[in-house]
Amino acid sequence: PRDEQSMAPLFAAIAHGSAAGRHDEAFNEIYIARIARGNEGFAVHKLGLYGLDLASLAHFFAEPFGRPAPELSASDQALVLNQAGFALRALGRLSEAVEPFRGNLRKRIEQEAWKSVAIAASNLSELLSTLGRLRDDPASGEAGALSVAEQAVGYADRSGDSFQRMINRSTHADALRQAGRWTESAQRYIE
């Protein structure tokens with residue numbers, strides 16, 4: 001399939017497979033293999049089908065977009081949270097993207113996949129910065145962009161990945177700059 005119309009049966013197969021309780025098969029054999037085409041992100045990056053992609057991802061949640069279907073593996077649950085967060089963000093639904101991004105971060109921490117954790121924390125921090133949520137929210141106890149970015153640096157260091165170490169320091173520096181903490185920001189950028 002190379003266009004929206006020819007992709008329609010695949011999106012329908014996701015709905016039917018999930019309704020039949022075959023979430024794992026629908027996710028891996030249809031969504032990943034045929035809709036996303038692995039890391040290519042075909043439906044969204046090539047065809048711009050963000051809305052259809054998000055609608056298909058909703059089938060992989062027990063509670064969209066916060067609690068993935070328990071039938072999915074822990075790794076697939078993290079991935080479906082991440083994909084939903086990106087689709088929501090691309091559709092301009094920024095506030096709604098926070099919960100799946102936070103969920104992805106929690107799942108990646110549980111898996112101790114430190115490079116993935118660093119990436120997830122960086123993505124969450126950037127989203128929170130865009131929303132102006134720089135500081136921790138005492139009412140909800142949720143970490144803001146500054147805290148998440150600082151944690152991302154630690155996760156990147158733990159991963160040993162030099163690219164992630166650089167990127168996450170830049171993300172932290174940007175959050176510090178947005179908070180008006182110029183000296184600390186400059187020091188992070190220099191790092």
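Mentor: A helix here is a DSSP run of H or I with at least four residues, numbered from the N terminus. The model is predicted: local features need pLDDT of at least 70, side-chain atom pairs count only at pLDDT 80 or more, and totals for chains, interfaces and linings use all residues. Residues are numbered from 1 along each chain as its sequence is written, and side-chain values use heavy atoms, with hydrogens and water left out.

Trainee: How do you know that the span of helix H6 agrees with its number of residues?

Mentor: The expected span is 1.5 Å times one less than the number of residues. For the 18 residues of H6 (94-111) this gives 26 Å, and the end C-alpha atoms are 26 Å apart, so the two agree.

Trainee: Why is Gln164 called buried?

Mentor: Buried means under 20% relative accessible area, with a 1.4 Å probe and protein chains only. Gln164 has 8% relative accessibility, and therefore counts as buried. Gln164 lies in helix H9 (residues 162-178).

Trainee: What is in contact with Gln164, leaving aside neighbours within four places in sequence?

Mentor: Contact means heavy atoms within 4.5 Å. The partners of Gln164 are Lys115, Ala118, Ile119, Ala156 and Ser159.

Trainee: Which residues of H6 are buried?

Mentor: Among them are Ala97, Val98, Pro100 and Phe101. Their cover includes helix H5 (74-90), helix H7 (114-130) and helix H8 (145-159).

Trainee: What takes a positive phi just after H6?

Mentor: Glu112 does, at about 55 degrees.

Technical notes
Helix = DSSP H or I, 4+ residues; strand = E, 2+ residues; numbered from the N terminus. Buried < 20%, exposed > 50% of the residue type's maximum accessible area, 1.4 Å probe, protein only.
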